[in-house]
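Have the viewer open and follow along.

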Amino acid sequence: MIDLVTSKSDGTSVLLMIEERPWDGSDERLDQLQAKVNSYVSYALDGYLENQFPETAGMPFELRLDCASEPDQRSEEFIRRLNQALAKYGTRLEVAVR
């Protein structure tokens, strides 16, 4: 399930994830983040985004994780590696502390 889809002024679709729990760097939490990122990327790449929002056809997408606190060191490293993997799809995961 996608938390929210929005767009930037340049037409980039933003798939928003919301995380209210504090970061703890645990294997369980990082596995959950990996699974959620995988689901969001599949949603975009497998055509579900375009099916729900036809105006996004041919436009880039990115992921944004809105969270309550700064990621701990282990989580930051995990996100860095995620972004390296996401680059091959032309996207990235932006983390925004709210």
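## A right-handed β-α-β unit

Strand β3, helix α3 (residues 73-86) and strand β4 together form a right-handed β-α-β unit. Right-handed here means that, with the strands pointing away from the viewer, the path from the first strand over the helix to the second runs clockwise. Helices (H or I, at least four residues) and strands (E, at least two) are DSSP runs, numbered from the N terminus.

This is a predicted model, in which local features need pLDDT of at least 70 and side-chain atom pairs count only at pLDDT 80 or more, while totals for chains, interfaces and linings use all residues. Residues are numbered from 1 along each chain as its sequence is written, and side-chain values use heavy atoms, with hydrogens and water left out.

## How the strands pair

β3 (residues 61-67) and β4 (residues 93-97) run parallel and are joined by five bridges; pairing requires that DSSP finds at least two bridges between two strands. L65 has V95 in β4 as its bridge partner.

## Helix α3 and its two faces

With 14 residues, α3 reaches 20 Å from its first C-alpha to its last, close to the 20 Å expected at 1.5 Å a residue (1.5 Å times one less than the number of residues). Its buried residues are S75, F78, I79, L82, N83 and L86; buried means under 20% relative accessible area, exposed over 50%, and partly exposed in between, with a 1.4 Å probe and protein chains only. Seen down the axis of α3, these buried residues fall within an arc of 140°, so they line one face of the helix. The arc is that of the directions from the helix axis to the C-beta atoms.

The cover over the buried residues of α3 includes α1, β3 and β4. On the face turned away from the buried side sit the exposed residues Q73 and Q84. Buried N83 has a relative accessible area of 17% and, leaving aside neighbours within four places in sequence, is in contact with R92 and L93 (contact means heavy atoms within 4.5 Å).

## The nonpolar core

What does the largest nonpolar core look like? The core has 21 residues, and those with the most contacts inside it are L15, M17, L33, V37, L63 and L93. Such a core is a set of buried Ala, Val, Leu, Ile, Met, Phe, Trp, Tyr and Cys residues joined through side-chain atoms within 4.5 Å. Two or more residues each come from β2 (13-19), α1 (27-45), β3 and α3, and α1 gives the largest share, seven residues.
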